[in-house]
Amino acid sequence: MTLGFGKVALAALGMIAAPALAGGSTGTGTLHVEIGNVRSAKGRVHIDVCTQAQFLKDCPISADAPARVGITTVSLTGLPPGRYAVQAFLDENGNGKVDQALFGIPKEGVGFSNDARIKLGPPKWSDAMFDTTGGEQTIRLNLRYFLGGDAKR
């Protein structure tokens with residue numbers, strides 16, 4: 001099941017998280033994304049795999065997996081060789097989007113490939129991008145929470 005989460009204004013951070021359009025592709029690669037700091041086993045962990053032109057916009061390649069406290073692995077097959085960035089979030093309530101508090105601050109965990117930091121705005125493409133050759137590859141990132149703390153152990 002793929003969840004689209006729509007554009008989420010993170011005004012307090014000056015950021016827009018990217019939406020997922022149900023995806024898949026015609027490539028041959030398998031990407032495993034190990035998402036750490038998952039604070040709840042409730043809901044699903046969702047990823048979007050974006051090209052530079054799609055980064056922080058519409059990313060048509062996406063996947064998700066049931067959330068597991070600590071580390072959740074989301075795998076995506078059929079990824080063509082190229083340069084990408086991953087955007088991830090924990091959809092704790094299963095509504096298919098990042099829930100927001102006042103000023104658009106995310107209530108659920110969000111993260112980017114290369115564990116790119118979210119400072120006063122979104123990470124730069126150059127901080128989140130990685131290359132894939134179309135084979136099997138594993139990358140790692142951690143979710144960050146702006147409300148409610150990190151993973152509960």
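Tutor: The link of C50 and C59 is right-handed, with 105 degrees about the S-S bond. The two sulfur atoms lie 1.8 Å apart, and a disulfide is here a pair of cysteine sulfur atoms within 2.5 Å. Such a link is a covalent bond between the sulfur atoms of two cysteines. The structure holds 1 disulfide. C50 is buried, with a relative accessible area of 0%, and C59 is likewise buried, at 0%; buried means under 20% relative accessible area, exposed over 50%, and partly exposed in between, with a 1.4 Å probe and protein chains only.

The model is a predicted one, in which local features need pLDDT of at least 70 and side-chain atom pairs count only at pLDDT 80 or more, whereas totals for chains, interfaces and linings use all residues. Residues are numbered from 1 along each chain as its sequence is written, and side-chain values use heavy atoms, with hydrogens and water left out.

Strands (E, at least two residues) are DSSP runs, numbered from the N terminus. Strand β4 runs antiparallel to β5 (residues 61-66), to which 6 bridges join it, and antiparallel to β7 (residues 82-91), with 7 bridges; two strands pair if DSSP finds at least two bridges between them. In the pairing with β5, R44 has P66 as its bridge partner.

R44 also forms a salt bridge with D64, the closest N and O atoms being 2.9 Å apart. R44 lies in strand β4 and D64 in strand β5, so this contact ties together parts that are 20 residues apart in sequence. A salt bridge is a side-chain nitrogen of Lys or Arg within 4 Å of a carboxyl oxygen of Asp or Glu. R44 is partly exposed at 24% relative accessibility, while D64 is buried at 12%.

The whole structure contains 5 salt bridges. Among them is the pair of E92 and R39, whose closest N and O atoms are 2.9 Å apart. E92 lies in the loop between β7 and β8 (110-112) and R39 in the loop between β3 and β4, so the pair ties together parts that are 53 residues apart in sequence. Both E92 and R39 are buried.

Terms used: Helix = DSSP H or I, 4+ residues; strand = E, 2+ residues; numbered from the N terminus.
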